[in-house]
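Open the structure in your viewer and keep the selection tool ready. We will go from stop to stop, and each stop tells you what to select.

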Amino acid sequence: MVRQESGSDPAAVAFDAAKAAAARKVDVLILDTAGRLHTKVNLMEELKKIRRVLDREIPGAPHETLLVVDATTGQNALVQARLFQEAVEVSGLALTKLDGTARGGMLVAIGNELGLPVRYVGIGEGMEDLRPFDPDLFVEALFEQKG
Ligand SMILES: Nc1nc2c(ncn2[C@@H]2O[C@H](COP(=O)(O)OP(=O)(O)OP(=O)(O)O)[C@@H](O)[C@H]2O)c(=O)[nH]1
Ligand SMILES: [Mg+2]
């Protein structure tokens with residue numbers, strides 16, 4: 001776990017993490033960015049800077065950029081996904097909170113327009129509740145009668 005004090009420059013933390021990952025010869029480095037709105041230009045610029053720093057330290061990195069979308073967000077998720085993809089080349093999605101009443105139908109719109117694959121779904125708050133995406137299960141649940 002690599003971190004700095006609250007308020008630090010996120011790109012500097014990313015730089016430290018990339019250095020540490022290389023030094024320790026780890027297989028996987030995961031960066032978790034704090035929640036941010038696509039309407040906040042300076043925060044989106046920070047994301048771009050993180051990408052640049054990573055690519056400089058580990059050529060080709062990041063190899064995957066996941067956008068986490070909350071299933072309760074509805075169609076506004078398409079706007080978010082579009083803007084994040086433009087800014088930081090999102091390569092896949094994680095759709096959380098599918099255990100509630102929301103079914104995540106907006107994934108169809110996102111897939112249609114942006115062609116982004118869904119990598120993970122969240123179906124609860126436990127460690128094991130983040131699962132690889134199963135398209136057949138998802139479609140079945142989408143049309144299932146609830147209640
Ligand atoms: N029921 C349910 N709760 C979830 C799911 N995923 C996350 N949560 C809960 O939602 C809350 C927020 O989750 P976080 O993982 O902190 O969300 P985050 O996107 O990292 O938030 P920021 O870092 O503030 O952007 C926590 O209480 C989680 O347990 C899910 O799939 N189902
Ligand atoms: Mg978080």
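**Stop 1: a loop and its proline**

Select Pro62. This residue sits in the loop between helix 2 (41-57) and strand 1 (66-70). Helices (H or I, at least four residues) and strands (E, at least two) are DSSP runs, numbered from the N terminus. The peptide bond that joins Ala61 and Pro62 is cis, with omega at about -5°.

Before going on, some ground rules. This is a predicted model, in which local features need pLDDT of at least 70 and side-chain atom pairs count only at pLDDT 80 or more, while totals for chains, interfaces and linings use all residues. Residues are numbered from 1 along each chain as its sequence is written, chains are lettered from A and ligands numbered from 1 in the order in which they are written, and side-chain values use heavy atoms, with hydrogens and water left out.

Stay in the loop between helix 2 and strand 1 and select Thr65, which is also placed there. Is Thr65 buried or exposed? Thr65 is buried, because its relative accessible area is 17%. Buried means under 20% relative accessible area, exposed over 50%, and partly exposed in between (1.4 Å probe, protein chains only). Show the side chain of Arg51 as well. A polar contact of 3.0 Å links the side chains of Arg51 and Thr65. A polar contact is a pair of N or O atoms within 3.5 Å; within protein, one must be able to donate a hydrogen and the other to accept it, and residues adjacent in sequence count only if both atoms are side-chain atoms.

**Stop 2: the whole chain**

Zoom out and switch to a cartoon view. The protein chain has five helices and four strands. From the N terminus on, their order is α-α-β-α-β-α-β-β-α. The C-alpha trace spans about 50 × 30 × 30 Å along its principal axes. Of the 147 residues, 32% count as buried.

**Stop 3**

Select Ala14, which is in helix 1. Ala14 counts as buried because its relative accessibility is 1%. Ala14 and Lys49 are 35 residues apart in sequence, and their C-alpha atoms are 9.5 Å apart in space.

Next, select Leu43 in helix 2. Leu43 is partly exposed, because its relative accessible area is 23%.

**Stop 4: two positive phi angles**

Select Lys25. You are in the loop between helix 1 (10-23) and helix 2. Phi of Lys25 is near 50°, a positive value in a residue other than glycine. Lys25 counts as exposed because its relative accessible area is 71%.

Jump to Glu89, in the loop between helix 3 (76-88) and strand 2 (92-96). What is phi of Glu89 near? The value is near 50°, again positive in a residue other than glycine. At 54% relative accessibility, Glu89 counts as exposed.

**Stop 5: the strands**

Select strand 2 and strand 3 (residues 118-122). They run parallel and are joined by three bridges. Two strands pair if DSSP finds at least two bridges between them. Pick Leu93: the bridge partner of Leu93 in strand 3 is Val118. Follow the chain from strand 2 through helix 4 (residues 106-114) to strand 3: this β-α-β crossover is right-handed. Right-handed means that, with the strands pointing away from the viewer, the path from the first strand over the helix to the second runs clockwise.

Strand 3 and strand 4 pair in the antiparallel sense, over three bridges. Gly122 stands opposite Leu130 of strand 4.

**Stop 6: the ligand**

Keep Gly122 selected and show ligand 1. A backbone N or O atom of Gly122 lies 3.2 Å from an oxygen atom of ligand 1. Another oxygen contact to find: a polar backbone atom of Lys97 is 2.8 Å from an oxygen atom of ligand 1. For nitrogen, go to Asp99, where an N or O atom in the side chain is 2.7 Å from a nitrogen atom of ligand 1. The protein covers 47% of the 650 Å² of accessible area that ligand 1 has on its own. Accessible areas come from the Shrake-Rupley method with a 1.4 Å probe; for residues, only the protein chains shown count as cover.
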